[in-house]
Protein chains: 2
Amino acid sequence: MENAQQRPLIFVGNDDGYQASGLNFLIKIAREYGEVFVAAPTMHQSGKSSALTVDTPLRATMYKEENGLTAYHVNGTPTDCIKLAVSNLMPRRPDIVLSGINHGYNSGNSAIYSGTMGVVFEGSFLGVPSIGFSYGDYTSNPDFSACGPVVRRMVELAIAGRLPGGVCYNVNIPRCDNVAGLKTVAAAPGRWTEEYDCRIDPHGRKYYWLTGKYVPSVPDDEGQDLYWLQRGYATVVPCRADQTAHDAVSAVEQVLNGGLLP
Amino acid sequence: MENAQQRPLIFVGNDDGYQASGLNFLIKIAREYGEVFVAAPTMHQSGKSSALTVDTPLRATMYKEENGLTAYHVNGTPTDCIKLAVSNLMPRRPDIVLSGINHGYNSGNSAIYSGTMGVVFEGSFLGVPSIGFSYGDYTSNPDFSACGPVVRRMVELAIAGRLPGGVCYNVNIPRCDNVAGLKTVAAAPGRWTEEYDCRIDPHGRKYYWLTGKYVPSVPDDEGQDLYWLQRGYATVVPCRADQTAHDAVSAVEQVLNGGLLP
């Protein structure tokens with residue numbers, strides 16, 4: 001390709017692993033816009049948040065190299081993958097970071113557990129536009145067609161430098177044939193309930209499976225993602241990796257009253 | 001104990017595992033203030049962020065039960081431990097959640113990788129005062145004495161209901177004999193550099209160890225934790241699990257321009 005040097009370098013990661021169909025759908029779209037570099041987990045890594053692998057070494061295996069696409073899988077978490085790629089595998093820092101498409105929502109507070117968003121937060125530390133995509137279908141081989149226009153819209157804005165900086169993006173897309181539109185909102189606060197299914201093994205010992213359902217604190221709030229996802233809209237939540245509650249610093253300071261210790 | 005019913009129920013977790021001396025130091029102080037329930041990882045779980053165990057079942061093993069103390073270890077992540085404890089092991093919801101004391105800092109952006117803070121964010125979803133403690137000594141058996149006054153101050157404020165709600169707390173304590181005081185600040189933004197040590201195994205294949213050093217974006221900022229930790233102060237960063245950049249929603253909305261899709 002003659003102008004390969006000028007095309008943006010797009011990093012693509014995920015948490016469902018390098019064989020996931022959501023990743024392959026995202027790679028296909030990304031290739032329309034630039035050179036693509038993939039580093040995805042060797043194994044399924046759902047719910048891994050921003051976890052790092054500390055105690056064991058990482059291995060990177062190239063599994064595809066063709067015109068405009070280089071793809072590795074790494075035996076670690078989603079965050080390991082992007083860190084290792086940026087530090088040691090990529091020819092240069094990416095211009096854009098994409099993650100997903102996740103098989104299932106990362107909406108509401110659940111975003112904190114999301115490996116998809118782990119990749120995105122890592123991208124935000126690089127200071128480049130970083131976007132995670134999640135689709136409301138939890139099966140292994142859904143039809144991702146409805147995600148196409150949403151992904152293209154966000155990637156085009158990123159490439160054009162039009163997405164506000166200093167934040168990254170958590171995009172959820174409802175399971176449907178055609179997305180009704182995009183809504184920019186906050187993550188719905190809430191909490192998981194009935195979280196564990198307790199069973200008894202053949203030896204009479206208890207074991208627990210993670211399960212549960214998410215209950216939003218304020219149902220039917222138009223400013224929150226769950227409201228619009230239920231109504232056929234995709235949601236865009238601008239996010240920050242920094243969890244400092246800046247607005248609370250002075251109230252806490254007052255309570256600590258000079259910070260003197262006995 | 002006559003008034004055992006009236007004493008607060010304090011959950012204590014960590015990420016270094018149930019045998020860590022930092023956990024035992026924190027348990028000892030917590031017992032001065034209430035009934036203590038411990039659920040800590042069976043194995044070392046540093047850098048596990050808010051990761052969940054999805055694909056394998058959890059086991060909980062009681063390892064101590066004595067007057068005012070019940071302690072379990074769980075074969076999962078720090079977040080698994082508190083979730084399972086609150087859902088299935090504890091007699092009631094805790095009044096306070098404590099995590100740590102971590103062997104090593106969780107300062108700056110690194111808090112996002114912290115299993116110690118994973119526990120704290122989970123506590124914040126319960127709506128109870130939740131505090132993580134980390135000490136700037138990375139060895140396995142440091143002298144935690146300097147942490148005592150800091151932990152007591154924060155726990156006393158939590159029990160008195162004086163810590164501002166809607167946020168949780170990330171407390172870092174510098175390695176020293178006597179802490180100079182407490183400073184309420186923001187987490188220092190920055191990023192990790194030189195992140196992987198690449199080696200060659202006996203079979204000639206590359207492998208990578210996580211390593212690196214943290215470089216703050218703005219060095220010497222008095223509003224940030226790293227500044228004060230370097231000067232002998234403990235730092236208190238109020239945090240929120242919700243990573244929505246609320247202040248960016250309207251700017252993004254404008255760029256998306258009605259959110260119509262082709």
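This is a predicted model: local features need pLDDT of at least 70, side-chain atom pairs count only at pLDDT 80 or more; totals for chains, interfaces and linings use all residues.

Entry: I began with the relation between the chains. A rotation of 180° superposes chain A on chain B, with 0.0 Å of shift along the axis. Next I looked up the interface. Of the interface residues of chain A, 100% are also interface residues in chain B, so the copies meet through the same surface.

**Entry: cis peptide bonds.** I then turned to the backbone. In chain A, the bond from A:Gly100 to A:Ile101 is cis, and its omega is near -15°. I located A:Ile101 in strand 5 of chain A, residues 96-103. In chain B, a cis peptide bond joins B:Gly100 and B:Ile101, with omega about -10°. B:Ile101 lies in strand 5 of chain B, residues 96-103.

**Entry: positive phi.** Which residue other than glycine has phi near 45°? I found A:Glu194. A:Glu194 sits in the loop between strand 9 (190-193) and strand 10 (196-200) of chain A. Is A:Glu194 buried or exposed? I counted A:Glu194 as exposed, because 10 other C-beta atoms lie within 10 Å and the cut-off for exposed is 12 or fewer.

A:Asp220 is not a glycine, yet its phi is positive, about 60°. I placed A:Asp220 in the loop between strand 12 (213-216) and helix 5 (225-229) of chain A. A:Asp220 has 9 C-beta neighbours inside 10 Å, so A:Asp220 counts as exposed.

Definitions and conventions. Residues are numbered from 1 along each chain as its sequence is written. Chains are lettered from A and ligands numbered from 1 in the order in which they are written. Copies are superposed by least squares on the C-alpha atoms of residues with pLDDT of at least 70 in both. Two residues are in contact if their C-beta atoms, placed from the backbone, lie within 7 Å. Helices (H or I, at least four residues) and strands (E, at least two) are DSSP runs, numbered from the N terminus. A residue is buried if 20 or more other C-beta atoms lie within 10 Å of its own, exposed if 12 or fewer, and partly exposed in between; C-beta atoms are placed from the backbone.
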